[in-house]
Amino acid sequence: MKRILLFCIPALLFATSCKDLDEYDNLNPKAATTVPAVSLVGNAQRVLANTINTPDYNINPFRFYVQHWAATTYPDESQFIIQTRSINRFFWDPLYRDVLSDLNEGKKIITEDAFSTIADPATREKVKNNQLASVEVLEVYAWSVLVNTFGDIPYSEALNAENVLPKFDDDAAIYSDLVTRLDKAIGMFDVSAAGLGTGDLYYAGKVENWVKFANSLKLRLALTLADVDAAKAKTMAEAAAPKVFTSNADNAKITYLSALPNRNQLYESLVQSGRADFVGASTLIDKMIATGDPRLNEYFKPVGTTSTFKGGTPGAPNSYENSSAPGTMLENPTLPGMLLTYSEVEFLLAEAVERGFNVGGTAIAHYNAGVTASILEWGGTEAEATAYLLKPGVNYLTAPGNYKQKIGTQKWIALYNMPTQAWTEWRRLDAPNLEKPAAAISAIPLRLPYPTTEANLNTTNYDAAAAAIGGDVVTSKVFWDKF
């Protein structure tokens with residue numbers, strides 16, 4: 001009996017590159033030889049949502065960075081100790097290996113598919129284009145997360161098994177290409193034809209939803225660029241604004257299942273693990289108490305059997321019993337994992353108006369809509385939102401600070417269950433004013449350092465990238481972070 005031995009070299013680009021050492025026949029004749037493209041896309045969608053939203057501090061420590069949560073017994077990650085558990089690698093690897101690699105392969109399969117079950121040639125082309133466009137939107141999303149997290153990354157030479165030592169591309173140049181790719185994808189959509197089908201875990205193949213998602217992502221990228229290229233940001237925002245999300249029904253999300261292995265990652269960490277690793281941070285809880293935020297009861301639990309809410313100290317070990325734990329809504333195994341929400345879109349539109357972009361409406365109207373959408377998303381009511389928006393510290397006319405501080409603070413609260421994006425928006429808007437924890441080993445990270453596998457295995461390209469960004473340290477800034 002023959003077997004195949006593979007020699008695998010870990011690679012920065014996404015996973016491994018494998019070389020045949022000996023070839024033997026050990027193939028299962030009953031195993032599938034091809035994988036449907038939508039299966040690859042679905043897996044990428046699941047891993048993408050898991051990675052950016054998981055509370056597992058071995059992968060995603062950003063709830064600590066933005067001080068939504070504090071730690072109990074093990075405070076290392078809340079003190080910004082990254083390399084001990086290779087947090088940066090465990091965030092990097094899934095996005096390259098499981099998300100972008102699967103999407104890249106899925107796109108190849110779609111391109112080669114004759115769609116022979118569709119009789120009309122014109123319809124076949126529309127369906128193919130809709131599927132390719134959907135995959136492209138997901139790729140742009142995933143690449144933007146990597147750039148926002150690390151800065152310069154392997155891009156033009158990545159996902160190539162023939163090149164296990166890819167160069168790092170300039171982060172600003174990558175963003176520019178992502179905008180071009182996203183515009184092309186938006187132009188490919190045709191709502192008169194089908195898309196990915198029911199295997200699509202976000203929108204079940206509904207092309208009209210993908211059009212809104214793509215344009216909402218374009219709006220996000222536009223405002224991310226606003227401090228470095230205002231003219232480009234203005235053009236992008238004004239083109240996207242008429243076609244973005246208009247209600248919570250449009251949210252880009254994955255709905256998890258009640259059974260393993262597809263439960264929400266929060267359930268696995270907060271309930272299934274049987275551990276008590278997290279409590280709410282005083283930074284957020286004190287702010288919500290001060291403004292009478294109606295989401296407080298959903299975000300957190302009262303302490304013990306009391307009706308009192310109390311946050312833990314960021315960066316310190318905290319008592320689980322004497323602090324407010326994450327709320328019961330987060331313990332629901334089917335709680336959706338969000339990628340982009342209507343609430344975020346409205347805050348982006350409010351900011352766009354303040355920057356002088358012609359996106360329609362007023363800053364206060366969009367701000368109010370963003371706050372209201374978040375409260376409704378968490379089970380609140382219109383009446384609660386209206387009362388909350390009348391609070392002097394919340395009302396757009398009387399809340400403290402400039403527009404970045406007003407919008408940034410409410411956006412920080414609304415992005416409570418979207419830790420990766422919450423960290424990005426905090427860095428971009430510099431609001432609220434978060435203080436470094438006393439026990440932290442560094443300033444609040446502005447980026448994650450590259451995985452040590454890159455330094456060890458792709459040394460020449462790693463050294464060039466580290467030099468280009470001002471050092472592979474947490475205080476080096478991603479290109480759009482100008483203030």
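# Note on helix packing, core and backbone details

1. α9 and α14 run roughly perpendicular to each other. Helix α9 covers residues 282–290, helix α14 covers residues 403–414, and the two pack at about 110° with axes 11 Å apart. On the α9 side the contact uses Thr283, Leu284, Lys287 and Met288, and on the α14 side Thr409, Trp412 and Ile413. Contact here means heavy atoms within 4.5 Å. By residue type, the contact of α9 with α14 splits into 4 nonpolar, 2 polar and 1 charged. Ala, Val, Leu, Ile, Met, Phe, Trp, Tyr, Cys and Pro are counted as nonpolar, Asp, Glu, Lys and Arg as charged, and the others, Gly among them, as polar.

2. Some ground rules. The model is predicted, so local features need pLDDT of at least 70 and side-chain atom pairs pLDDT 80 or more, while totals for chains, interfaces and linings use all residues. Residues are numbered from 1 along each chain as its sequence is written, and side-chain values use heavy atoms, with hydrogens and water left out. Helices (H or I, at least four residues) and strands (E, at least two) are DSSP runs, numbered from the N terminus. Axes are lines fitted to C-alpha atoms, for helices over the stretch in contact, and angles run from 0 to 180 degrees between N-to-C directions.

3. How are α3 and α4 oriented to each other? They are roughly antiparallel. The axes of helix α3 (residues 87–112) and α4 come within 10 Å and cross at roughly 160°. The contact of α3 with α4 is made up of 16 nonpolar, 5 polar and 4 charged residues. The crossing is left-handed: the near helix is turned anticlockwise from the far one by less than a right angle, whereas clockwise would be right-handed.

4. α6 and α11 form another pair to check. Helix α6 spans residues 207–224 and helix α11 spans residues 342–354; their axes come within 10 Å and cross at roughly 45°. That angle makes α6 oblique to α11. This crossing, too, is left-handed. Ser216, Leu219, Arg220 and Leu223 of α6 meet Glu344, Val345, Leu348, Leu349, Glu351 and Ala352 of α11. The tally for the contact of α6 with α11 is 6 nonpolar, 1 polar and 3 charged.

5. Which residues touch the most other members of the largest nonpolar core? They are Trp143, Phe213 and Phe300, in a core of 139 residues. α4 gives the most to this core, with 14 residues. A nonpolar core is a set of buried Ala, Val, Leu, Ile, Met, Phe, Trp, Tyr and Cys residues joined through side-chain atoms within 4.5 Å. In soluble globular proteins, nonpolar side chains tend to be buried together. Beyond four places in sequence, Phe213 touches Val137, Leu138, Tyr141, Tyr203, Phe245, Ala252 and Leu340.

6. Is Gln131 buried or exposed? Gln131 counts as buried because its relative accessibility is 12%. The cut-offs are under 20% relative accessible area for buried, over 50% for exposed, and partly exposed in between (1.4 Å probe, protein chains only). Gln131 sits in helix α4, residues 121–150. Setting aside residues up to four places away in sequence, Gln131 touches Ile110, Phe115, Gly195 and Leu196.

7. Phe357 deserves a look. This residue is in the loop between α11 and α12 (363–377). Its relative accessibility is 8%, so Phe357 counts as buried. Phe357 and Met236 are 121 residues apart along the chain, with their C-alpha atoms separated by 9.7 Å.

8. The bond from Leu260 to Pro261 is cis, with omega near 0°. Pro261 is in the loop between β6 (252–254) and α8 (265–272). The bond from Ala431 to Pro432 is also cis, with omega near 0°. Pro432 lies in the loop between α15 (419–429) and α16 (452–457).

9. Positive phi turns up in non-glycine residues. Leu159 has phi near 60°. This leucine lies in the loop between β4 (153–154) and β5 (168–169). With a relative accessible area of 18%, Leu159 is buried. Asp430 has phi near 55°, again a positive value in a residue other than glycine. Asp430 belongs to the loop between α15 and α16. At 37% relative accessibility, Asp430 is partly exposed.

Methods: Angles under 35 degrees count as roughly parallel, over 145 as roughly antiparallel, 65 to 115 as roughly perpendicular and the rest as oblique.
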